[in-house]
Amino acid sequence: MSKISDNDLLAAINRNRNADGSVNISRTAADLGVYRSLIQPRVWRLVGKNQRPGGKPSAPIETAEQIDARRLTALRTENADLKRKLKEAHLHSLDDDAIRQILGGIVAAPSEPPKWLLDESTRRGKSPEVPVTIWSDWHVGESVSLSETNGVNEYGVEIFKARAKRLVSRTIDLCKNHGSGNYPGAVVNILGDMVSGGLHPELQKTDEEEVIPAVLTCRDTLIWCLEQMIEAFGRVYVPCTSGNHGRSTHKPEFKRYVYKNFDWLIYQLLARHFQGRPEIVLDIPDSNEVYYRIFSRRYLAMHGDMMGARGGDGIIGSIGPITRGEMKVGRQQAVIGRDYDILLVGHWHQTLWLPRVVVNNTLKGFDEFAQKALRAPPSVPSQSLWFEHPKWGKTMHREVFVEDPATSDDAPWVSIFDNGRE
C-alpha cells in the first residue's frame, strides 16, 4: 500500500464512483489490485466522512495533476484576458506623439509663438505692424440654394474655392496698398468649422461633398492660401482651433475633443505639408485654445461654441451670450494665469468688434437656417482683418469681403438732405 500514492488512489476513486456520486470502495480496491480493508481508511481520510456508508455523495475530488492542469488553464485564460485589455488600453489611450507618428511624423504644437511676434524694432523709420486675420466657418462641402434664400446667396465647392482666393488676394491688397507696409510677418487664426461635416441630418442629405472629400478640398485650398501669405509676408504664424461642425460625434464630447474632429485632421495635414519650413508655424494645442502675444497685446483664440453661454434673442441677437461667455472665459483664464486682452472667436457667423472680443463672420454667407430659423439679416460673406501696432494696439479694423454687394455704383459720393428731402 505504501507504493500507492494519494494521487493514484484519488484517480482510482474518481474512476469507480457509483451512479449517485458516492465512492465504491470495492471497485476501487479491485482497480488497484488490493484488498478493500487496506484502502478503506485512506479513502475515508481523503474524501471525508460523508463518503462513508449513508453519507451524502460529493463531486469527484481532483488529483494534484488535475488541480495543476486547471490552474494552468485559468492562468492562460487570465493572461489572454490581460493581453486583450492591454491592447484595448493602448488603442484608446494613444498619446499625442503616437497619434502624430501614425499620421506621418507630424510636428507637435510649438512651445511658444515665434519671436518675431514680440519684436518692436523699426525699419525704414516706421513702427512695425502685424496684420492679423481670422479664417473660420468656411463650411466646405455644404450647399446653399440661391432660390431658397430668395436670391441672397448660394454656396458650393466651386464657389468656396473662388471666395477663398478672393479672401487671400484682397487681404494681401489691403495690407500692401492700404497699410503701413512694414510687416515682420502675419498672423492667420484658423478657428474651426472648416467643413460642414454633415453635423445635422439635413446636412447629411444635402451636402455637396461628404466629410472626407471636403477635408481634402479644404486642405488643398488652405495650402494654396498659406503659400500666398508666406510669399507676401515672409513669415506666418497660424493658431488653429477646432469647431463644432468638424466633430465626428453626435453630441460634443469634452475629453480628447480635438482627436475626434475633422478640423484637427486638416490642421495636422497642413502641419505635415509645411513641416521643416521655418517661415510658417502652425500652433495646434490639445486644449483647443491658443494663447499668444503680439508685441504686448495678449490674445486667446478659440472657436466660440464653448464659451459657457448660449441663447440670444431677436433684439440684441448673439451679443448677450457672447458678452456673458467672454466674462466667464476671462475669469477662468485669469485664475490659471492666462489673462488676455482680446478674445478671438468665430462660430456666430457675423462680424462684431467688441471691446474685448473679435467675432468673425462666415465665408459661407447667408443660408437657409439663418433665413428660416434665426430670421437673421443677411450680410456679405467676409473675414476679419486688423493690424496690431506696438504702441496703439489693435488698429484699422477691416472686413475682407469675398463677394461684391448688390448695390448701385452710380450714387453720388455724398447726398445732403434738406428737411428730409435730398
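Buried here means under 20% relative accessible area, exposed over 50%, and partly exposed in between (1.4 Å probe, protein chains only). You're looking at a predicted model, where local features need pLDDT of at least 70, side-chain atom pairs count only at pLDDT 80 or more, and totals for chains, interfaces and linings use all residues. Residues are numbered from 1 along each chain as its sequence is written, and side-chain values use heavy atoms, with hydrogens and water left out.

Start by selecting Trp-264, which counts as buried because its relative accessibility is 6%.

Now show the aromatic rings. Rings of Phe, Tyr and Trp (its six-membered ring) pair if their centres lie within 6.5 Å; planes under 30 degrees apart count as stacked, over 60 as edge-to-face and the rest as tilted. The structure has nine such pairs. In one of them, Trp-135 and Trp-138, the ring centres are 5.8 Å apart and the planes sit at 35°, so the pair is tilted. Trp-135 and Trp-138 are both buried.

Next, pick Tyr-237, Tyr-292, Tyr-299, Trp-353 and Trp-386, a cluster linked by ring pairs.

Last stop: charges over rings (NZ of Lys or CZ of Arg within 6 Å of the ring centre and within 35 degrees of the ring normal). Select Lys-165 and you'll find it over the face of Trp-224, 5.8 Å from the ring centre. Then try Lys-176, whose charged end sits over the ring of Phe-233 at 5.3 Å from its centre.
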